[in-house]
Amino acid sequence: MKKHNFSAGPSILPQEVFKKSADAILNFNNSNLSILEISHRSKDFIAVMDTACELALEHLNLQNKGYKALFLQGGASTQFLMVAYNLLNHKAAYLNTGTWSTKALKEAKLFGEVIEVASSKDKNFNYVPKNYSIPTDADYFHCTSNNTIFGTQLNHFPTTQIPMVCDMSSDIFSRVLDFSKFDLIYAGAQKNMGPAGTTLVVVKEDILGKIERTIPSIMDYRTHITAESMFNTPSVFAVYVSMLTLEWLKNLGGVAAIEKTNTQKAEILYSEIDRNPLFVGFAEKEDRSKMNVTFNLTEGANQELFDSLWKEAGISGINGHRSVGGYRASIYNAMPIESVQVLVDAMKEFERKS
Ligand SMILES: *Cc1c(COP(=O)(O)O)cnc(C)c1O
């Protein structure tokens, strides 16, 4: 039987996407060729890339607003560097809400002064700082919308006149936001969009070209815009699977529809964590993530028993990240509500048997 996969990334994708991807490996578009052996410059693959880019912009409601969508390589981690390469002249402002923000900040420091506007490190990143000010003379402001490891999520984004950059790797396409507030959004595919191997970048074109330094071609967003994400060989298969997931999302009714299910899933799980005396949530309630639910056993609870119960229930991937401990259930878009219920049932059974 298929496992209930709560892995944080690479993570669950819709079953129908797995099936279609498997078919395309054997016979892509009835060409009698595998998607793995065709040229990225073939007509059929160019159509895949175009569709993936269009769907990404459509889901974010950013068509015809001066934005370009790109599918690049190197993961979100390469974006930590590329953002600064392309946008940081003198000074940048960063909100530090976890491991990924910390890494982004570190790379930016290679290019200029970095102001950390606020940090939640004092409490091991279990909350999102509020009430900070953003220097208006900075080149851009950078934040992370969802903190995959600690299980917090930004519910409010600041307003600022400087460009806003956001790492949305673990909650892109999971909720409706005014995405036009952001000038650059990036997301590694492997959390909510596709397999590992490609990274979506959505950038407002008019923020580019304002930097004095020379940027190596492959690090320059303008290179990829001109080449329509084909400056070098793109991750053909990862882009194809991402396209299928974006189509799946569109057929479901888009981001607004999936947001309703995501909210329901999060409510089911958090209410059990709050009700069940054997569990305690990690993140501050008001900053809880609807994508990555972090929790611990209360002191003295029998970990071995709980671990055996969720394993018996066919659950996989809920061990917490080493920097938090405990458990982390990632409930991305493709996670069915029924799987969340299976986890909740295991938690209830644990209470009964303890
Ligand atoms: C997973 C993750 C990353 C790192 O992505 P890579 O593709 O492995 O480089 C960066 N930011 C966030 C928020 C993530 O969840």
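Predicted model: local features only at pLDDT ≥ 70, side-chain atom pairs only at ≥ 80, totals over all residues.
**View 1. Asn 29 sits in the loop between H1 and helix H2 (43-59).** Most residues other than glycine have a negative phi. How exposed is Asn 29? With a relative accessibility of 47%, Asn 29 counts as partly exposed.

**View 2. Asn 64 has a positive phi too, at about 55°, and is not a glycine.** Look for Asn 64 in the loop between H2 and strand S2 (67-72). Asn 64 is exposed, because its relative accessible area is 82% and the cut-off for exposed is over 50%.

**View 3. A cis peptide bond links Gly 9 to Pro 10.** Its omega is near -10°. Pro 10 belongs to the loop between strand S1 (4-5) and helix H1 (15-26). For context, most peptide bonds are trans.

**View 4. Glu 16 and Lys 20 form a salt bridge through their side chains.** The N to O distance is 3.8 Å. Both residues are in helix H1, four residues apart, so about one helical turn separates them. Glu 16 is partly exposed at 38% relative accessibility, and Lys 20 is partly exposed at 41%.

**View 5. Glu 58 and Lys 250 pair up in a salt bridge, 3.1 Å from N to O.** Glu 58 is in helix H2 and Lys 250 is in helix H6 (residues 236-252), so this pair ties together parts that are 192 residues apart in sequence. Glu 58 counts as partly exposed, at 32% relative accessibility. Lys 250 is partly exposed as well, with a relative accessible area of 42%.

**View 6. Asp 274 meets Lys 285 in a salt bridge of 4.0 Å, N to O.** Asp 274 comes from helix H7 (residues 254-275), while Lys 285 is in the loop between strand S11 (279-281) and strand S12 (292-297), so the pair ties together parts eleven residues apart in sequence. Asp 274 is partly exposed, with 41% relative accessible area, whereas Lys 285 counts as exposed at 57%. A search of the whole structure turns up 14 salt bridges.

**View 7. Zooming back out, the chain has nine helices and 14 strands.** With 354 residues, a compact globule would have a radius of gyration near 20 Å, and the chain's 21 Å agrees. Of the 354 residues, 56% count as buried.

Note on methods: Residues numbered from 1 in each chain as written. Heavy atoms only, no water. Helix = DSSP H or I, 4+ residues; strand = E, 2+ residues; numbered from the N terminus. Rg over C-alpha atoms; globule rule 2.2 N^0.38 Å. Buried < 20%, exposed > 50% of the residue type's maximum accessible area, 1.4 Å probe, protein only.
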